[in-house]
Every structure is written in C-alpha cells, then in structure tokens.
Amino acid sequence: MVNGEVTFDEPWQGRVFGMAHELARAGVFAWDDFRAELIARIAAWEAAHPDGHDYPYYDCFLEALERSLIVADVVDVKGLAERVAALARRPHDHDHHHDHRHDHD
Amino acid sequence: MSDDSPQKIRTEAIESLLKERGLIDEEAIDEVIAMYNERVGPMNGARVVARAWTDPDFKRALLADGTEAVAPYEFEGGQMEKLVVVENSPGLHNVVVCTLCSCYPWAMLGLPPRWYKDPAYRSRIVREPRKVLKEFGVHLDDGTEVRVWDSSAEVRYLVLPERPAGSTGLDETALAALVTRDAMIGVARL
C-alpha cells in the first residue's frame, strides 16, 4: 500500500513478480530478455483486444515468465503442462492441509 | 478438482518446478513481495526531490547523473541502472511513460500504479499529452512545452516537480511530505 494502491490484486501476481525479480537477480535470465518477452505478450494481447478493456497485465507477466524459463532451458513445455495438470487435480480444500505459506495463497 | 484460478495454478507449478531445481527460495520471494508492499514507494523519490529543492549542488548532480546522485541513499528495489531526472520549470512540463510495457524507477516510486500500465495511458500520453494531462487535472497553457519521456531500454525517468509556492521555510522532511507519486511521474503539479 506504500504506493497508494494495492500492489498486487491477487497473491499469485506477487509471486510471479517475486520470481521474475529473483531469477533475474540470480542471473537465470537477464531482465532485458524477460522485458522483451513481456513486451511481446503485451503487444499480442493489445493486437487481439483493440478496445484495451480489462487489460490483464499480470497474465502477460506470467506468460512472459513461462516463456523466459522455457527459452533459458530451465523448464520445458511438457514438464510444465504436467505439473499444471497435477496441481489442477487437487481437491478443493488443499490449502487447508498445508503450511506456513497459507497466507500467501 | 481444484477451484483455483488457472493463473494461480500455473504460478504454483512454476514455483514448485523452480524449487525442485534449487533455483528459487520461497522466502526470498516473500521478501520481495514484502519489500514492494511495505518499504519501497514514492516516499523515497520524495526525499530526493525535497533535497534537490533545498540543496543546489545536489540538484545539479541529480540532473547530471541521477543514478550516481541517489546511490548514497542505498534505496532498496531495482530498475535504477540508469536514472534520468528531468526538471519541470515555468514553460516546461515533463511526463513519463513506458509505451511498450511498464518500466518504472521501482526504487524511487515503488511498483507502478494500474493506470501507468494501462494501454490507454501508454498510447494516449504520446499522441495527445495535453489532453491526457488535462484529464489528470494538469492544465497547461499554450506557451508551456510538454516533453514526454518514454522509458525504453534501460533508462528510467523521474520528474523533478517545481517547488510549490508558499513552501519557503519548510525543512526537507516537511517538503518531502508535499511530494506525490503522480507529480514525480508528471501527471500532477504541486
């Protein structure tokens, strides 16, 4: 709230931002390369949505993070898809079974 | 089946894969989030602006090389590799945008507000700056030049607003309290 508005609307947005921040800092990818992916995702969204309404900035950010990790050969498309599918199969109340991260989910 | 949003699931999937590869530390991510939620924001930029108003040598240094001038503050947060400070004056108004994405001097201002990232602001402020500024409440006369600075590549811009009339005698702390985020982006005057 230091900015006068909520920084992240949903917790996942903070986590994708935090991951990109830390991965760039650690040199897993360069921020400029991430930025180029982000620009490409934003341009693609804008081309498909000329009215510009409901701009999903952090969706673009998430896609840019995925792309950057794939390009950097850190994750592969198939492995990511499998993990997504596995997590999507969890029961509704999975959050109640885990741990100190609960506040962030 | 989970009722989580696809974005939340994708984020968790990435985080879990990165953790398994030893590339990410969950607590480091928590720390980044806390930093931008709680500690990094426009109060940092405001301190710098207030000092520039009261210390002519600092102001000269700030306008000459923003990154170097603010380095002694050791502000947390990034995107400060090349900070360029542009000064408003009678007859000249500066405003900042990132036309392609959302570049912004995080360490000085925190993360950008929603409207700064919005396609409408990013395209319109370049095309019709006077009209957009008017919508923000900044009415410029015809004799005032407007400069729009696009944060492309590595450069991040910060506007040094004009010191408000009637602020004579205030110390740096009191002056900093007058400085707003929007004035340092250039969509407000003080």
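This is a predicted model: local features need pLDDT of at least 70, side-chain atom pairs count only at pLDDT 80 or more; totals for chains, interfaces and linings use all residues.
I begin with the contact between the chains. It draws 43 residues from chain A and 43 residues from chain B. On the chain A side, four helices each supply at least two residues: H1, spanning 11–26, H2, spanning 31–48, H3, spanning 57–71, and H4, spanning 77–88. The greatest contribution to that side comes from H1(A), with nine residues. By class, the chain A side that touches chain B consists of 21 nonpolar, 11 polar and 11 charged residues.

Let us look at one helix pair in this contact. H1(A) meets helix H1 of chain B, residues 6–20, with axes that come within 9 Å and cross at roughly 35°. The crossing of these two helices is left-handed. From H1(A), the residues involved are A:Trp12, A:Arg15, A:Val16 and A:Met19. Facing them in H1(B) are B:Gln7, B:Lys8, B:Thr11, B:Ile14, B:Glu15 and B:Leu18. The contact of H1(A) with H1(B) comprises five nonpolar, two polar and three charged residues. As a general point, an α-helix has 3.6 residues a turn, so residues three or four places apart point the same way.

I turn now to H3(A). This helix has 15 residues and reaches 21 Å from its first C-alpha to its last, close to the 21 Å expected at 1.5 Å a residue. How many of its residues are buried? The count is 11 of 15, and H3(A) is thus described as mostly covered. Among the buried residues are the aromatic side chains of A:Tyr57, A:Tyr58 and A:Phe61, and the list also includes A:Glu63, A:Glu66 and A:Ser68. Against what do these buried residues pack? Within chain A, they pack against H1, H2 and H4, and from chain B they meet H1 and helix H7, 114–117. After the helix comes A:Asp73, with a positive phi near 65°.

Leaving aside neighbours within four places in sequence, A:Glu66 is in contact with A:Leu80 and B:Ile14.

A:Val16 touches A:Tyr58, A:Phe61, A:Leu62, A:Leu65 and B:Thr11, not counting residues up to four places away in sequence. In soluble globular proteins, nonpolar side chains tend to be buried together.

Next, chain B as a whole. It contains 11 helices and four strands. Its C-alpha atoms fill a box of roughly 60 × 35 × 25 Å along the principal axes. Of its 190 residues, 40% are buried. Among contacts in chain B between residues at least 6 apart in sequence, 71% join residues at least 24 apart.

Within chain B, helix H3 covers residues 42–54. Its 13 residues should span 18 Å at 1.5 Å a residue, and its end C-alpha atoms are 19 Å apart, which agrees. The buried residues of H3(B) include B:Pro42, B:Val48, B:Val49 and B:Trp53. Their packing partners in chain B are helices H4, H5, H6, H10 and H11, together with strand S4.

B:Lys59 has its place in helix H4. Is B:Lys59 buried or partly exposed? It is partly exposed, because 19 other C-beta atoms lie within 10 Å, and burial requires 20 or more. The C-alpha atoms of B:Lys59 and B:Val48 are separated by 9.0 Å, at 11 residues apart along the chain.

B:Arg189 lies in the segment after H11. This residue is also partly exposed, with 18 other C-beta atoms within 10 Å. B:Arg189 touches B:Val138, B:Pro161 and B:Ala183, not counting residues up to four places away in sequence. The C-alpha atoms of B:Arg189 and B:Val138 are 6.7 Å apart, although the two residues are 51 apart along the chain.

Conventions: Residues are numbered from 1 along each chain as its sequence is written. Chains are lettered from A and ligands numbered from 1 in the order in which they are written. Two residues are in contact if their C-beta atoms, placed from the backbone, lie within 7 Å. Ala, Val, Leu, Ile, Met, Phe, Trp, Tyr, Cys and Pro count as nonpolar, Asp, Glu, Lys and Arg as charged, and the others, Gly among them, as polar. Axes are lines fitted to C-alpha atoms, for helices over the stretch in contact, and angles run from 0 to 180 degrees between N-to-C directions. A crossing is left-handed if the near helix is turned anticlockwise from the far one by less than a right angle, and right-handed if clockwise. A residue is buried if 20 or more other C-beta atoms lie within 10 Å of its own, exposed if 12 or fewer, and partly exposed in between; C-beta atoms are placed from the backbone. The expected span of a helix is 1.5 Å times one less than its number of residues.
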